[in-house]
Amino acid sequence: MISRDEFKSIAGKGIWTQNSSVVQILGLCPLLAVTTNAVNGVMLSLATILVMAISNLAVSALRNFIPHEIRIPVFILIVAALVTVVDLLFNANLHELYLVLGIFIPLIVTNCIVLARVEAFAAKNPPLQSTFDGIFMGLGMLWTLALLGAMRELIGAGTIFGGIDMVFPNLHPIQLLPESYPNFLLAMLPPGAFILLGCMIAWKNWMDARAAERSRLKPPAPVAMAGTH
Amino acid sequence: MSAAHEYSATGMAVRTAAILFVFVIFFTALLSAAYLWTKPAIEASATAEKMKLIDEVLPRRDYDNSLLDDTLDLPATPELGLSEASTLYRARLAGQPLALVFETVAPDGYSGKIRLVLAIRADGQVSGVRVIQHKETPGLGDYIEVKKDKNKARPWITQFRSMSLAEVTDKDWKVKKDGGRIDYYAGATVTPRAVSKAVFKAAKWAEANRYQLFSSGRAAK
């Protein structure tokens with residue numbers, strides 16, 4: 001069904017090389033609004049993983065019946081219908097979880113990352129691969145949003161894991177900076193999210209550039225060093 | 001799709017439309033089925049949630065009627081900042097009026113409206129206030145929500161409990177900064193001021209209309 005290399009490639013792309021937040025820069029609207037702390041970022045990402053896995057699976061399974069000309073409306077129809085069904089089922093049967101995750105699901109229906117993966121991957125690949133693509137794209141989003149949320153919260157309010165008590169009622173946020181820390185409002189507001197996301201993109205590019213440099217230098221060809229900078 | 005070239009332009013348009021139609025029918029049916037199947041469970045939990053919120057402002061042991069069935073449809077009430085119709089719940093004990101539970105809106109929050117639910121007892125005392133919805137600055141003005149308040153022992157919003165117009169004058173029903181007796185956290189005064197004002201107005205409104213509110217017919221038809 002799926003080879004090891006294929007799986008590795010899908011996982012690597014989702015988590016790092018094609019990361020939805022820092023490489024494709026897709027789906028920023030809920031991302032910037034919601035990630036005022038790490039817990040929100042993780043919850044939003046979990047909901048996205050679920051939605052992307054289901055919509056990729058459905059579109060991939062139906063891909064041979066969808067005429068090319070009307071694929072976008074059909075994709076939107078499939079994604080919106082399935083997400084709404086998931087939302088209803090969650091609300092009815094897993095109400096406790098719904099209270100935590102449910103507020104994020106409507107944010108995702110219109111998220112362009114879902115449509116982007118459906119169009120770019122699920123429409124051209126078999127169901128299993130497409131489902132994995134959805135999951136790993138979501139996991140890539142998960143670590144980026146958790147990091148972004150944690151940074152915003154630490155800079156903005158000096159705490160970490162704020163809002164954890166919404167998920168686990170007996171856990172409390174940890175105050176990392178002293179109580180007297182004057183909250184830095186900018187980090188909590190959307191402009192702060194843009195600035196920090198920019199820093200994360202720069203960091204990711206720097207990591208990649210360094211890795212590329214190393215792999216270029218590693219082969220035993222010391223003469224080549226003179227030409228690089 | 002490889003077979004598409006065999007169709008004429010009209011034929012292809014019809015075929016595409018038919019396929020789209022089939023998709024729409026199928027997914028609409030799926031949605032309707034899911035909606036109908038989940039409806040009873042969702043309604044039950046919505047009722048439970050409503051009761052949970054009401055329980056926070058009015059202890060269930062205080063009254064003995066079926067509160068959710070003893071309602072009054074309020075029209076848009078400018079005195080309460082309500083621009084839309086809402087529902088008022090009436091608690092009774094042994095048939096006697098005990099408290100009114102209703103929504104009110106503070107229109108002048110730091111960033112928009114703050115929706116509150118509160119219970120006012122028949123003797124004019126505030127039984128409790130909770131915030132339902134607000135857009136106050138996270139980490140600054142959001143302590144009006146019990147969950148976000150760092151003071152877990154005595155959250156800010158609970159200080160309205162037992163306040164009544166008979167005991168607290170117009171002048172005192174204000175945040176300390178404005179010369180009143182209501183505490184607030186430094187750095188965010190606009191939010192508590194808006195909430196205090198809204199609770200005050202609601203208490204006044206309930207006092208002025210108490211008799212009529214308790215006695216008018218169910219669902220005010």
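In this predicted model, chain A contains 11 helices and 2 strands. Read from the N terminus, the elements of chain A follow the order α-α-α-α-α-α-α-α-β-α-β-α-α. Chain A has 229 residues, of which 38% are buried. Among contacts in chain A with a separation of 6 or more, 76% join residues 24 or more positions apart.

The largest nonpolar core has 44 residues, and the members that touch the most others are Val42(A), Ile78(A), Val79(A), Val114(A) and Leu145(A).

Another core, of 41 residues, lies apart from it and includes Leu118(B), Ala119(B), Tyr143(B) and Ile144(B).

Beyond its neighbours within four places in sequence, Val79(A) is in contact with Ser55(A), Val109(A), Val114(A), Leu115(A) and Val118(A).

Where chains A and B meet, the contact draws 23 residues from chain A and 19 residues from chain B. On the side of chain A that touches chain B, two or more residues come from each of α4, α8 and α10 (185–188) of chain A. The largest share of that side, 12 residues, belongs to α4(A). By class, the side of chain A that touches chain B comprises 14 nonpolar, 8 polar and 1 charged residues.

How values were computed. Residues are numbered from 1 along each chain as its sequence is written. Chains are lettered from A and ligands numbered from 1 in the order in which they are written. This is a predicted model: local features need pLDDT of at least 70, side-chain atom pairs count only at pLDDT 80 or more; totals for chains, interfaces and linings use all residues. A nonpolar core is a set of buried Ala, Val, Leu, Ile, Met, Phe, Trp, Tyr and Cys residues joined through C-beta atoms within 7 Å. A residue is buried if 20 or more other C-beta atoms lie within 10 Å of its own, exposed if 12 or fewer, and partly exposed in between; C-beta atoms are placed from the backbone. Two residues are in contact if their C-beta atoms, placed from the backbone, lie within 7 Å. Helices (H or I, at least four residues) and strands (E, at least two) are DSSP runs, numbered from the N terminus. Ala, Val, Leu, Ile, Met, Phe, Trp, Tyr, Cys and Pro count as nonpolar, Asp, Glu, Lys and Arg as charged, and the others, Gly among them, as polar.
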